[in-house]
Amino acid sequence: MKFLLRCQGDERQHAIEWENLLNWLEESFPTIDEADRLENEDLEEQFRRTALSDYGSNNATEAATKLMDTLKSSIPMEQKMLTLERATYLDVPELDEQLINWLQEATLSSAVQFKALQCLKKRGCSGTVQLTRMDETVNLLIEETPLSMNEFPDSVNAILEKAVLALEQVDVTMPILVTELWLECLQCIYGTRSYGWMLNEEEYIEDCFAAGLHHTMQLIVYGYAVDDDIRETYGITNEYRFRYEQASRVIREVALYLQDSD
């Protein structure tokens, strides 16, 4: 964590929060052995108290009210994401319904929607929410929301794996960039028709989306992509060319959406 603090970023508030957490760890656990003995439930309780103190209250209900006021205000997306992370640790049952209503009624970016779904799942919520995502009306089960890349279906992860293997032959920095882009894409299209296509475990679907991801990544980094070379790399024949073009268009549209929402 001390190393992280030496890495200067643009957001001063984030550095302050890291520093506060480091100070608390050093004061509470003078040795590494003592820190290692900390039980998970004790750590969660510390986070709950931190979430309360962030809103200037020892009363969870009052803190939840202030948290919702923060979410409904005009704050940057990064602050909304941090607020949703804190909401995970507030033990206020009525906050569940308030978060669900806010999620369904507010105009939110796809990334914030996805973070809210993750927050609700961590809080133990279940049931269906109706959202507008990428101009589609979708119904999503809260309890099925992936909390990490490992929780996405194998076919979805296979797409990234194939793109990484091909792109690392082009540029060793590409795997990092394409992984970040893919995660952002998944946050946007989760639950949509395009996401549904990816759940098909036919290998040609994985190849088409991996090639589309490769194509978009090269457009972003280099400003051009050689379509014939990419199709050859992924073994996409004329039979599947239309599906490849569909996949490429979907990923390009998401990349443009992400650029516009920055």
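**A cysteine and its surroundings**

Tutor: Cys188 is buried, with a relative accessible area of 1%. The model under discussion is a predicted one, and this should be kept in mind throughout. A disulfide is a covalent bond between the sulfur atoms of two cysteines. When sulfur pairs within 2.5 Å are taken as disulfides, the count for this model comes to zero. Cys125 is accordingly in no disulfide, and the nearest cysteine sulfur, that of Cys119, is 7.7 Å away. Cys125 is also buried, since its relative accessible area is 11%, and 20% is the limit below which a residue is called buried. Cys188 likewise takes part in no disulfide; the sulfur of Cys185, the nearest cysteine sulfur, lies 6.8 Å from it.

The crossing of helix 9 past helix 10 is right-handed. On the side of helix 9, the contact is made by Val156, Ile159, Leu160, Val164 and Leu167. Helix 10 contributes Met174, Pro175, Val178, Thr179, Trp182 and Leu186. Sorted by class, the residues of this contact are ten nonpolar, one polar and no charged.

Helix 6 (residues 77-87) and helix 7 (residues 94-105) have axes that come within 12 Å and cross at roughly 155°. These helices are therefore roughly antiparallel to each other. Helix 6 passes helix 7 in a left-handed crossing. Here Lys80, Leu84 and Ala87 of helix 6 meet Leu95, Leu99 and Trp102 of helix 7. The residues of this contact comprise five nonpolar, no polar and one charged.

Glu201 belongs to the loop between helix 11 (193-198) and helix 12 (203-222). Glu201 is exposed, with a relative accessible area of 63%. Apart from neighbours within four places in sequence, Glu201 is in contact with Ser155 and Glu206. The C-alpha atoms of Glu201 and Ala158 are 9.3 Å from each other, although the two residues stand 43 residues apart along the chain.

Arg231, by contrast, is buried, with a relative accessible area of 10%. Arg231 has its place in helix 13 (residues 227-233). When neighbours within four places in sequence are set aside, Arg231 is in contact with Ile236, Asn238, Arg241 and Tyr244.

Finally, the protein as a whole may be described. It has 14 helices and two strands. Of its 262 residues, 39% count as buried, and Cys188 is one of the buried residues. Among contacts with a separation of 6 or more, 62% join residues 24 or more positions apart.

How values were computed:
Residues numbered from 1 in each chain as written. Predicted model: local features only at pLDDT ≥ 70, side-chain atom pairs only at ≥ 80, totals over all residues. Heavy atoms only, no water. Axes fitted to C-alpha atoms, helices over the stretch in contact; angles between N-to-C directions. Helix = DSSP H or I, 4+ residues; strand = E, 2+ residues; numbered from the N terminus. Parallel < 35°, antiparallel > 145°, perpendicular 65-115°, else oblique. Left-handed = near helix turned anticlockwise from the far one by under 90°. Contact = heavy atoms within 4.5 Å. Nonpolar A, V, L, I, M, F, W, Y, C, P; charged D, E, K, R; others polar. Buried < 20%, exposed > 50% of the residue type's maximum accessible area, 1.4 Å probe, protein only.
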